[in-house]
Amino acid sequence: MHQQKRQPELVEGTLPVFVFPTELIFYADDQSTHKQVLTLYNPYEFALKFKVLCTTPNKYVVVDAAGAVKPQCCVDIVIRHRDVRSCHYGVIDKFRLQVSEQSQRKALGRKEVIATLLPSAKEQQKEEEEKRIKEHLAESVFFEQSCQPENRTVSSGPSLLTVFLGVVCIAALMLPTLGDMESLVPLYLHLSVNQKLVAAYILGKGFKDALVLM
């Protein structure tokens, strides 16, 4: 005989619930936002029944707060804000969607959706823009600070080797020229004209490079 395939028993509270969006934002100055839609998806091969609960039910109207979703289908849940007052600005309310099998009462899964009332959509956009600008400026400052040590190294002036070569070239130019018999400097320290030209060239090039680095 053909045996019917039995569905594995699900544990209470472990079934993932798929809802979009996961956050509702109502704007007091924009009446079109006073009605929001939650979409509940059922990707499973069995039907689900759902129930919508709220921490502050007196502030909202939930159309079809309970119902069923067919397998691999979805259902829209309309939520209206009916108490738009300044005393509720910034207060975070919560909706909880509980799902279960139609033949059972225990909740197989649950999902929370937060809801917030803000005074103005334009003010919210302005705050987000200011936040992005501050983050951009902070990143720029951090980048400049990170690059400072490298910049100091590059623009720290002539190296010790350049200074040493400069001193040697200056000393070479101060030594007597080969053939100067009146000098008291020993003969082996007398330099030829070509040697002094080389020293002068090195000194001039080193001075030029030092100016570029500075």
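Biologist: What is the mean pLDDT of the protein, and how many of its residues reach 70 or more?

Modeller: This is a predicted model. The mean pLDDT is 80, and 76% of the residues reach 70 or more. On this scale, which runs from 0 to 100, pLDDT is the predictor's confidence in each residue.

Biologist: Where is confidence lowest, and where is it highest?

Modeller: Helix H1, residues 121-154, is lowest with a mean of 65. Strand S7 is highest at 96. Where pLDDT is low, predicted coordinates should not be read in detail.

Biologist: Why is Lys59 with Asp93 called a salt bridge?

Modeller: The cut-off is 4 Å, from a side-chain nitrogen of Lys or Arg to a carboxyl oxygen of Asp or Glu. Lys59 and Asp93 meet at 2.8 Å, N to O. That is within 4 Å, so the pair counts as a salt bridge. Lys59 lies in the loop between strand S4 (48-54) and S5, and Asp93 lies in strand S8 (residues 92-101), so the pair ties together parts that are 34 residues apart in sequence.

Biologist: Buried or exposed: how do you class Lys59 and Asp93?

Modeller: Buried means under 20% relative accessible area. Lys59 has 5%, so Lys59 is buried. Asp93 has 3%, so Asp93 is buried too.

Biologist: What makes Arg85 partly exposed?

Modeller: Arg85 has a relative accessible area of 45%, so Arg85 is partly exposed. Its salt-bridge partner is Asp83, with the closest N and O atoms 2.8 Å apart. Asp83 is at 15% relative accessibility, so Asp83 counts as buried.

Biologist: How do you know that Arg96 forms a salt bridge with Glu112?

Modeller: Their closest N and O atoms are 3.0 Å apart. The limit is 4 Å, so the pair qualifies. This pair links distant parts of the chain: Arg96 is in strand S8 and Glu112 in strand S9, 16 residues apart. Salt bridges with shared partners join Lys94, Arg96 and Glu112 into one network. The structure holds four salt bridges.

Biologist: What makes S1 and S5 edge strands?

Modeller: Four strands form an open sheet, ordered S1-S3-S7-S5, with antiparallel pairing. S1 and S5 each have a single partner strand, so one side of each is left without a neighbour in the sheet. From one strand to the next, the twist averages 25 degrees.

Biologist: How do you know that S1 pairs with S3?

Modeller: Pairing needs at least two bridges. Three bridges join S1 to strand S3 (residues 35-42), so the two strands pair. Phe20 stands opposite Thr39 in S3.

Biologist: What kind of peptide bond joins Phe20 and Pro21?

Modeller: The bond is cis, with omega about -5 degrees. Most peptide bonds are trans. Pro21 sits in the loop between strand S1 (18-20) and strand S2 (23-27).

Biologist: Why is Asp64 called exposed?

Modeller: Exposed means over 50%. Asp64 is at 53% relative accessibility, so Asp64 counts as exposed. Asp64 is in the loop between strand S5 (60-63) and strand S6 (66-69). Its phi is positive, near 55 degrees, and the residue is not a glycine.

Biologist: Where does UniProt place the "transmembrane region"?

Modeller: The unreviewed UniProt entry places this feature at residues 160-179. In the model, that stretch is 75% helix and 0% strand. Its end C-alpha atoms are 34 Å apart.

Methods
Residues numbered from 1 in each chain as written. Heavy atoms only, no water. Buried < 20%, exposed > 50% of the residue type's maximum accessible area, 1.4 Å probe, protein only. Axes fitted to C-alpha atoms, helices over the stretch in contact; angles between N-to-C directions. UniProt positions renumbered as here; feature names shortened; annotations may be inferred.
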